[in-house]
Amino acid sequence: MSVKYILDAPSRRKLIALSLLALLCCVVAGWAASRMIDAQREGERLAHVLHRLESLRAAILSNAIPAVAAPDDDANVPRLLADCLQLSSDDAAQQRRLTKLGALLDMRQRQPPINLDQDPQAGPMQPGELGNTYVLLAAHAWIDAMKVSLEDRLALSQARHQESLQWVQWAVAAALIAALLFGLVLIRVMRHLSHQGHARISSLEAKANRDPLTGLPNRRLLQDRLEQAVLRARRRRCHAAVVVIDLDGFKPVNDTHGHAIGDVVLRRVSKRMKSALRSEDTVCRMGGDEFVVIIGEVDDPVYAVRRARDLVLRISRPIRHEDKVLRVGASAGLALFPDDAGDGTELLELADQALYAAKHGGRGQVVTAGEMTHGHTTLTSLPSEPAARLA
Ligand SMILES: Nc1nc2c(ncn2[C@@H]2O[C@H](COP(=O)(O)OP(=O)(O)OP(=O)(O)O)[C@@H](O)[C@H]2O)c(=O)[nH]1
């Protein structure tokens, strides 16, 4: 089934918006992280160059350049400086300055070593000394200028690193919040779907177990209720009764007034039976105009027979519907647990046979399974209750 049909439109919109937000935050976090890494690399590179510059300055001050450079390979000096500073080759202007400086240092290499502690006033300058001093001053000036520029660039890259870090933090926090909200919405949707599923299952179960016309339990549910009633009676060591009731003269109602009026009669008869029984008893519609009543936890069998007669009398009362007075009767067969049978199916069979006997014995009466088996029962000697009293 498509997501479109599982989720309602507002939930769908929320989930899409949150996932897009989370995605956007991830993209921003990724971009900021790469910017942060770049800034960090740039910072490391600049710090390294600064360190090299310091080393170079120290080398110049300590007059170590000729020693660092191979003395027999003059051409190495510019390269040494380039390597030392590791400036990018596309930075043409810097490269040119470097080469110049390298050339100056190269020249200096050929001069006698300089003595920085030497007092310029101490005596006349030696040949090459002016060149040495010029080269040193130029190197210092260049290193200082480079340092300032590099320090600025370093500060800038550190600021960019910091700013990118903040972006990463915000984007990750927003992505986490969006993911959390997504999860919450999803849980709510799942819960809702699960409730819907349960409600649908319950309603399907109810439909499968109920007679659609009267709302009474149907044949399917009867079996279960019957087993429960027998188990309870066995546990409590008491009786339980199964009464099968069939309407008398129902077909003429249908034939005279139509099927719809027949339905009204079936519904009214069902209501009358339900209202005459205890909540723990069960009345089921088996189909057509046949019903089964389970009277559970009966201490005295006489009580069950009285209830069955009461039902027959109540059903036989006229039914007023609009301007019509409708009449049907009822016959019933009753079987008792454990007197007549020990299980539900057998009880139902015996009650059905007793009903058959009631129908063929004149209708409008209750026949018990005991009467059929033994030919007599003390229950049949019960005085019949006048219909007027039960009305
Ligand atoms: N209105 C209506 N009629 C139904 C329904 N189910 C079955 N019937 C009808 O109920 C009638 C039952 O037939 P019978 O049991 O022979 O009717 P009866 O007149 O009570 O016969 P006896 O039991 O011999 O007295 C038939 O006419 C069925 O068509 C239903 O759901 N609604």
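# Chat about a predicted model

Colleague: Where is threonine 214 found?

Modeller: Threonine 214 is found in the loop between helix 6 (129-209) and helix 7 (219-236). Helices (H or I, at least four residues) and strands (E, at least two) are DSSP runs, numbered from the N terminus. This is a predicted model, in which local features need pLDDT of at least 70 and side-chain atom pairs count only at pLDDT 80 or more, while totals for chains, interfaces and linings use all residues. Residues are numbered from 1 along each chain as its sequence is written, and side-chain values use heavy atoms, with hydrogens and water left out.

Colleague: OK. Is threonine 214 buried or exposed?

Modeller: Threonine 214 counts as buried because its relative accessible area is 18%. Buried means under 20% relative accessible area, exposed means over 50%, and partly exposed is in between (1.4 Å probe, protein chains only).

Colleague: And what does the side chain of threonine 214 make a polar contact with?

Modeller: The side chain of aspartate 211, at 2.5 Å. The side chain of threonine 214 also reaches the backbone nitrogen of leucine 216, at 3.3 Å. A polar contact is a pair of N or O atoms within 3.5 Å; within protein, one must be able to donate a hydrogen and the other to accept it, and residues adjacent in sequence count only if both atoms are side-chain atoms.

Colleague: Where is the place of leucine 216, then?

Modeller: Leucine 216 sits in the loop between helix 6 and helix 7. With a relative accessible area of 2%, leucine 216 is buried.

Colleague: Switching to the ligand. Which residues around the ligand come nearest?

Modeller: Lys251, Asn254, Asp263, Lys359 and Arg363 come nearest, out of 17 residues around the ligand. A residue is near a molecule if one of its heavy atoms lies within 4 Å of it. By class, this shell has four nonpolar, five polar and eight charged residues. Ala, Val, Leu, Ile, Met, Phe, Trp, Tyr, Cys and Pro count as nonpolar, Asp, Glu, Lys and Arg as charged, and the others, Gly among them, as polar.

Colleague: Which atoms of the ligand lie by aspartate 246, asparagine 254 and arginine 363?

Modeller: An oxygen atom of the ligand lies 2.9 Å from a polar side-chain atom of aspartate 246. For asparagine 254, an N or O atom in the side chain is 2.8 Å from a nitrogen atom of the ligand. For arginine 363, a polar side-chain atom lies 2.5 Å from an oxygen atom of the ligand.

Colleague: How much of the ligand does the protein bury?

Modeller: The ligand exposes 650 Å² when taken alone, and the protein buries 67% of that. These accessible areas come from the Shrake-Rupley method with a 1.4 Å probe; for residues, only the protein chains shown count as cover. Strand 1 (239-248), helix 8 (250-257) and helix 9 (259-276) are the elements that give two or more residues to the shell.

Colleague: Back to arginine 363. What is its phi near?

Modeller: Phi of arginine 363 is near 60°, a positive value in a residue other than glycine. Arginine 363 lies in the loop between helix 11 and strand 7 (366-368), and it is partly exposed at a relative accessible area of 46%. Glutamate 322 likewise has a positive phi, near 55°. Glutamate 322 lies in the loop between strand 4 (319-321) and strand 5 (324-326) and is exposed, at 65%.

Colleague: What kind of peptide bond joins phenylalanine 337 and proline 338?

Modeller: A cis one, with omega about 0°. Proline 338 is found in the loop between strand 6 (329-337) and helix 11 (344-360).

Colleague: Last one. How many disulfides are there?

Modeller: Zero, where a disulfide is a pair of cysteine sulfur atoms within 2.5 Å. For cysteine 25, the nearest cysteine sulfur is that of cysteine 26, 6.9 Å away. Cysteine 25 counts as buried, at 8% relative accessibility.
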